[in-house]
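Please look at the sequence and the model together while reading this short report.

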Amino acid sequence: MSRPLDRMCELPVRGAIDKEAGEFWVTNPFKMPSEGKNLSAFENNRLFMNVNGTSFVDASYGSMANIDSDSRSVVTADFNRDGRPDLLVGSVGGGPLRLFYNQLNAENSGGMVRISLRGTHSNRAAVGSRIEAWINDKKIVRDVFHQNGCMGQGPSVPVFGLGRSEKIDRLRVRWPTGTWQEFGTVPANSEIQITEGESEIVVTPVVGSF
């Protein structure tokens, strides 16, 4: 497919067309809808789960996310506020939005902390901040920004998975202004709100999680 800078440009066919294989040629891609042509390819979606940060396992079938649809956008967020990330999948061609709730066994899920930042000197959403969390002897870094994908955007609220740990031992925030703030212990399975320049954080238990 070619994308001419001139919307009126007509490009002649460049070679033989294998119609049996589903190939076609449109002299101007902007004419595709009026000619009833479609580049959509219906293939099963795939979902892979991270295994200890070293490999991935194909969980497409077990998760029931392997729908046969021309899906384009996916948003990861905790839609039912139970502490586990869910998936919102959108498909082209007028297809519906599908919401896949995370029903992973709670006993195997581990703890989590969701962190909301509120800028005062920085932008209110604190986009551009960096959060560093120490969990036991491991350091995890999250940058605050909206998750941008094809035809979709997710929330800018970082989530830290704690595994079997019951807390974050130490937390640091670098605001977009370049200023750092440091905080102490944060309990697992909670949502915390940090306001730029304030030393106290607001801790709210995540009800129904794990």
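L87 is found in strand 6, which covers residues 86-91, where a strand is a DSSP run of E with at least two residues, numbered from the N terminus. Leaving aside neighbours within four places in sequence, L87 is in contact (heavy atoms within 4.5 Å) with L47, V74, V75, T76, R98, L99 and F100. The C-alpha atoms of L87 and L99 are separated by 5.8 Å, although these residues are 12 apart along the chain.

## How the model is read

This is a predicted model, in which local features need pLDDT of at least 70 and side-chain atom pairs count only at pLDDT 80 or more, while totals for chains, interfaces and linings use all residues. Residues are numbered from 1 along each chain as its sequence is written, and side-chain values use heavy atoms, with hydrogens and water left out.

## Salt bridges

The structure holds 11 salt bridges, each being a side-chain nitrogen of Lys or Arg within 4 Å of a carboxyl oxygen of Asp or Glu. One of them joins R170 and E182, whose closest N and O atoms are 2.8 Å apart. This pair links distant parts of the chain, since R170 lies in strand 15 (residues 170-174) and E182 in strand 16 (residues 180-183), 12 residues apart. Salt bridges that share partners join E132, K139, R170, R172 and E182 into one network.

## A charge over a ring

The charged end of R170 also sits over the ring of W134, 4.1 Å from its centre; the rule asks for NZ of Lys or CZ of Arg within 6 Å of the ring centre and within 35 degrees of the ring normal.

Key
Helices (H or I, at least four residues) and strands (E, at least two) are DSSP runs, numbered from the N terminus.
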